[in-house]
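My entries follow the order in which I went through them.

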Amino acid sequence: MEEIAVVGTTEWGTTLGMMLSRKGMKVRLWARTDEEAERLNREGENTARLPGFPFPEGLRATASLEDALHEVALVILAVPSQDMGHNVRLVREYLDSSMLILSAAKGLEVDSAKRMSQVISEELDRRFHRNICVLSGPNLSKEIARGLPATTVVAARDASVAARVQKMMASPLFRVYVNTDVVGVELGGVLKNVIALAAGMVDGLGYGDNTKAGLITRGLAEITRLGVAAGANPLTFAGLAGLGDLVATCASPLSRNRFVGQELAKGRPLDEITAAMTGTAEGVTTTVAALKLAGELGVEMPIAQQVYRVLHEGLDVRQGLAELMGRELKHEFADIPTGAIERT
């Protein structure tokens with residue numbers, strides 16, 4: 001049975017480690033300190049980020065990267081997006097060209113607006129580039145930790161590489177699809193967090209399901225516009241990494257981004273909300289990076305723009321939604337890039 005390393009004791013990293021070890025795989029979870037690794041192994045669960053879910057046999061924590069990555073077939077990078085470059089620099093000396101590298105982070109680097117696969121590629125020698133994959137889909141970690149059925153997508157430019165990761169990760173409770181549209185799979189997972197913030201604001205104001213359905217649908221249009229402009233296949237956004245992830249994140253009470261938006265609508269300051277959370281709401285920084293990317297590509301993103309103004313300029317949530325409703329009337333598909341359907 002192949003061995004796997006998970007870099008990051010995040011909620012999602014811990015969940016992936018548990019899921020894979022339940023398949024009988026040996027999984028090593030890299031912790032930043034000896035103290036954290038010792039605590040995780042002693043308690044047999046990640047009480048800080050995923051309490052109540054005991055580690056299966058075969059999952060153990062280590063603070064040694066040499067130990068964590070020794071002769072593994074797959075390295076999963078499950079760290080916050082703003083820390084991805086730093087973590088890749090830490091692990092790269094322990095990699096060899098046989099290892100597959102999977103990004104499980106859903107964010108953009110805030111200063112550069114680069115996707116995680118781009119960040120990883122820039123930090124690694126070219127001989128590793130073929131093995132870089134990304135994971136995205138409607139994957140709420142606590143549901144997967146509970147053993148509830150879920151689906152996901154693994155994308156790599158080389159279909160055979162994606163298929164190898166698919167085989168490693170798939171189980172009767174975790175159905176894995178493959179895709180070669182790395183750009184689309186990444187941007188779908190990234191940008192839905194921005195829309196989820198807005199969906200939470202709708203919920204916090206009590207505006208109802210009509211409002212939320214409209215918000216999600218127009219949000220998908222924004223995601224697709226930016227994705228196509230960045231080189232993605234528009235069909236990807238109708239799949240699990242697009243519509244699937246968007247629906248789950250905008251609807252679920254388990255969604256951190258939706259929660260932040262909901263609490264903002266109730267009048268709580270952003271700093272207070274995020275300080276009390278144990279995980280990262282990636283949409284907060286992604287909004288900044290997404291608008292930077294949209295500006296570079298000449299794409300209009302009115303929902304993302306209003307979310308940014310609420311987060312960073314103090315715009316009243318109710319006023320922001322009113323301004324969206326008051327925008328110039330137009331054809332529903334007026335801003336869909338011409339030729340998008342033909343390219344599919």
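I am working with a predicted model, in which local features need pLDDT of at least 70 and side-chain atom pairs count only at pLDDT 80 or more, while totals for chains, interfaces and linings use all residues. Residues are numbered from 1 along each chain as its sequence is written, and side-chain values use heavy atoms, with hydrogens and water left out.

Sheet. I looked up the strand order and found eight strands in an open, mixed sheet, running E3-E2-E1-E4-E5-E6-E7-E8. Strands here are DSSP runs (E, at least two residues) and helices are runs of H or I with at least four, numbered from the N terminus; two strands pair if DSSP finds at least two bridges between them. At the edges I noted E3 (59–62) and E8 (174–179), each of which pairs on one side only.

Strand E2. Residues 26–30 form E2, which pairs with E3 in the parallel sense over four bridges, and Trp 30 stands opposite Thr 62 in E3.

Helices. Helix H2 (residues 34–43) lies across E2 and E3, at about 160° to E3; angles run from 0 to 180 degrees between N-to-C directions of axes fitted to C-alpha atoms, for helices over the stretch in contact, and contact means heavy atoms within 4.5 Å. Helix H7 (residues 159–169) packs on the sheet, touching E4, E5, E6, E7 and E8, and its direction makes about 180° with that of E8.

Buried side of H7. I listed Val 161, Ala 162, Val 165, Met 168 and Met 169 as its buried residues, where buried means under 20% relative accessible area with a 1.4 Å probe, protein chains only. They lie on the same side of H7 because they cover an arc of only 120° around the axis, the arc being that of the directions from the helix axis to the C-beta atoms.

Terms used
Buried means under 20% relative accessible area, exposed over 50%, partly exposed in between (1.4 Å probe, protein chains only).
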